[in-house]
There are 2 protein chains.
Amino acid sequence: MSGAATAIERVLDRVLGSNPREGEIARPVRLIEAMRHATLGGGKRLRAFLAVETARLFEANGESALRVGAALECLHAYSLVHDDLPAMDDDDLRRGRPTVHRAFDEATAILAGDALQTLAFDLLADPATDADPQVRSDLVLGLARASGLGGMAGGQMLDLQAEKDTPDEAAIRRLQAMKTGALIRFSCEAGAILGRATAEDRDRIRRFGEVIGLAFQLADDILDETATAEALGKATGKDSSRGKGTLVGLYGVTPVRAMLDGLVAEAEELLAPFGARAVTLAEAARFVAIREA
Amino acid sequence: MSGAATAIERVLDRVLGSNPREGEIARPVRLIEAMRHATLGGGKRLRAFLAVETARLFEANGESALRVGAALECLHAYSLVHDDLPAMDDDDLRRGRPTVHRAFDEATAILAGDALQTLAFDLLADPATDADPQVRSDLVLGLARASGLGGMAGGQMLDLQAEKDTPDEAAIRRLQAMKTGALIRFSCEAGAILGRATAEDRDRIRRFGEVIGLAFQLADDILDETATAEALGKATGKDSSRGKGTLVGLYGVTPVRAMLDGLVAEAEELLAPFGARAVTLAEAARFVAIREA
């Protein structure tokens, strides 16, 4: 995924530069530094990669896809910054570096997350992303649905409450579909929107995104159980030690690895109609399932 | 402003209802309760009122204007919820009721603010707000610019830093233009966008919004100096006691009242070409300047 990751980094670096944009009164330097800390210099860029690769499948403009990818990474980064806060998961480390509230302070971290969310919508609604307002509007609405109370934020709320309950499989799946699944699914769908995919192809890509989201989460749960903090660059064993429900916690690692194999097979099947053009996406599905960090 | 306020309350009550929307997996009840606490049951609804009244000036659809007004109130409410957090202004009281982190808890307040910001963009990008994607996209971009790092969030960051410095008039004006001015200005502009105003009228309304924003802030600074906490439903004397810069602090109440008179005169002049249709907006300008709570 390194090609897309480098290009995304370049877009983010430009958007979070020190030059005021048209109509801006001033750029608050410390806030921008915190936003740069949260978004630049690392991360797998999975969401951006998925958007860029699905966009490529439908021969969308490459620069547009990078801007959409950058928006997805801003949205994702905002959620990490807020999840890491003392009142939430209280984490000191993220991608091997201090979290934003540790490197700066809590107020700055709250504001940096807030402004990163706004920036994601700003990027999507900007005519520079796509000349067609219908496309921009669809992208904004899709992102809002994936990240709002019916998606990521709602999932994080259920997650906080789950620390007190013991959720069953259905509850775990619901929570994960909202907290991480919705945004990953939309990352794929965004590429299809940008590429003016047919309704049938868009549905197929949505399902592909759902499968990738599930695989990503299950792989994450396995890693949380088996990997070292050093390899991940963040604390491990958190979920099980806090009694949070995961399918790994419920069934153990082996059955979950079997589920992962099934998901990879489904992802490949969904991509089959796209033939050789989809080879990178298919590889990504395998990579997501077997990754070790 | 009570007519618009009641109608806005109705829209928010419906949007933050307990029925899942199409495609939603679940509604996190506690999160929705916190969002309702933050948005329902009070507030001046100044931003919604300005959007609804400018939309009326250009004969825009009334239901559309209410949805835009609701989006503006969601955005405003998110900023209040986050500003009230312990890491920020650490306030216990808002509109005479406990702040969200006091009524619920800090994590829920962070998430409720996050989800309210998302909901604002969701409402603007939704085809139910306006059938024309160009209008929806313009609304989203305008809101993002008014509330992001070049607007409200950036202004709040400058405000946090200003607690350490002693800002001069230019710095105070810059900060206020970003922190409160940008969103109030956009509230007016949003009505002009919805009403397909000419470029000339849109510029005029933008300037009107700027003037109202300034007047609102100066009146707020005077109230902060002179009113009781009981009348305002929130803590007073905060700004001056913390050494934050306001023009009232710099020049005293009397010269600022004179500035307010000048702003009201300019607002009336800007509305003059609209004749009798603008009588409610002109009244609002006067009300904003002389309000006592």
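**Notes on the A/B pair**

1. Start with the polar side of the interface: between chain B and chain A there are 14 residue pairs in polar contact, both residues at pLDDT 80 or more. A polar contact here is a pair of N or O atoms within 3.5 Å; within protein, one must be able to donate a hydrogen and the other to accept it, and residues adjacent in sequence count only if both atoms are side-chain atoms. On chain B, α6(B) gives the largest share of the side that touches chain A, with 12 residues. That side of chain B divides into 29 nonpolar, 12 polar and 11 charged residues.

2. Before going on, a word on the source. This is a predicted model, where local features need pLDDT of at least 70 and side-chain atom pairs count only at pLDDT 80 or more, while totals for chains, interfaces and linings use all residues. Residues are numbered from 1 along each chain as its sequence is written, chains are lettered from A in the order in which they are written, and side-chain values use heavy atoms, with hydrogens and water left out.

3. How much do the two chains cover up? Chain B and chain A bury about 4,500 Å² between them, 71% of it on carbon and sulfur atoms. (Buried area is the accessible area, with a 1.4 Å probe, that two parts lose on being put together, summed over both.) Look at B:Leu111, B:Leu149 and B:Met157: they supply 15% of what chain B buries against chain A, more than any other three residues. In contacts (heavy atoms within 4.5 Å), 52 residues of chain B meet 52 residues of chain A.

4. Charges also cross over, with 4 salt bridges between chain B and chain A. The term means a side-chain nitrogen of Lys or Arg within 4 Å of a carboxyl oxygen of Asp or Glu. A:Arg145 forms one with B:Asp122, the closest N and O atoms being 2.9 Å apart. Over all chains the structure holds 40 salt bridges. Inside chain A, A:Arg36 pairs with A:Asp13 at 2.5 Å between the closest N and O atoms. That pair links distant parts of the chain, helix α2 (residues 29-39) and helix α1 (residues 2-15), with the two residues 23 apart.

5. On symmetry, chain B can be laid on chain A with an RMSD of 0.0 Å by a turn of 180° and a shift of 0.0 Å along the axis. The two copies are thus related as by a two-fold rotation axis. The superposition is by least squares on the C-alpha atoms of residues with pLDDT of at least 70 in both copies. The same surface serves both copies, as 100% of the contact residues of chain B recur in chain A.

Terms used
Helices (H or I, at least four residues) and strands (E, at least two) are DSSP runs, numbered from the N terminus. Ala, Val, Leu, Ile, Met, Phe, Trp, Tyr, Cys and Pro count as nonpolar, Asp, Glu, Lys and Arg as charged, and the others, Gly among them, as polar.
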